[in-house]
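Subject: Structure handover

Hello,

I am passing this structure on to you, with the sequence alongside. Please look through the model before reading the notes below it.

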Amino acid sequence: MPDQDPSAAWQPRMTATEATDEARRIIEDAYRPVPQIPTAYRDTAPLPAYGSTPPVPQPDRRIVPAWAAGTAVAGIGVGATCVGLGCGIWLACQGFAAVTLTGVLFITLPIAALAAVATAIGSAVRSVKASRSETHHHYSGPVRVENNAITAPAYGLIARNRNELNR
């Protein structure tokens, strides 16, 4: 092989007609339309750093009102306190006399009643204060305010309300 040209070492493995057919197949594959499938579109345009932009609805998705959650936490605290005081009194009385569970319950019932009344009064005062709140809106720039009232009846034993405004 030393007397042959080194560039001749590579020999094509296809004939001219096979190469033409293969080239035609590759070009047809490249220009064949891609099957359309549903896609999603996300707008990637940058948002303005400042300036007038339209208001965006921001629905409130709280499940439980704050006052109800606060009342529930206070109720749990009152119950835990009453149980703790009752157990403490029971343990203290254990050394002084033969105390029955009924006696301990009669001692802790007035404490539990006072704590429940205090929690109820606190919840009532908080709800009265919350009902008299003022809201001030300060806007700068063009703003469009819409007030929509939606009435949706709920029927049946179990009702599910979806308070969403679909436009």
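Arginine 24 has a relative accessible area of 47% and so counts as partly exposed; buried means under 20% relative accessible area, exposed over 50%, and partly exposed in between, with a 1.4 Å probe and protein chains only.

Some background before the rest. This is a predicted model, in which local features need pLDDT of at least 70 and side-chain atom pairs count only at pLDDT 80 or more, while totals for chains, interfaces and linings use all residues. Residues are numbered from 1 along each chain as its sequence is written, and side-chain values use heavy atoms, with hydrogens and water left out.

Salt bridges

The partner of arginine 24 is aspartate 21: their side chains form a salt bridge at 3.8 Å, N to O. The term stands for a side-chain nitrogen of Lys or Arg within 4 Å of a carboxyl oxygen of Asp or Glu. By that rule the count is four salt bridges. Both aspartate 21 and arginine 24 belong to helix α1 (residues 16-31), where three residues, about one turn of the helix, separate them. Helices here are DSSP runs of H or I with at least four residues, strands are runs of E with at least two, and numbering starts from the N terminus. Aspartate 21 is also partly exposed, at 48% relative accessible area.

Arginine 25 has two salt-bridge partners to look at. With glutamate 22, the side chains meet at 2.6 Å, N to O. Through shared partners, salt bridges link Glu22, Arg25, Asp29 and Arg32 into one network.

Arginine 25 is partly exposed at 39% relative accessibility, glutamate 22 is partly exposed at 29%, and aspartate 29 is partly exposed at 34%.

Threonine 119

Is threonine 119 buried or exposed? Its relative accessible area is 18%, so threonine 119 is buried. This residue sits in helix α3 (residues 101-131). Leaving out residues up to four places away in sequence, threonine 119 touches Ala74 and Val78, where contact means heavy atoms within 4.5 Å.

Regards
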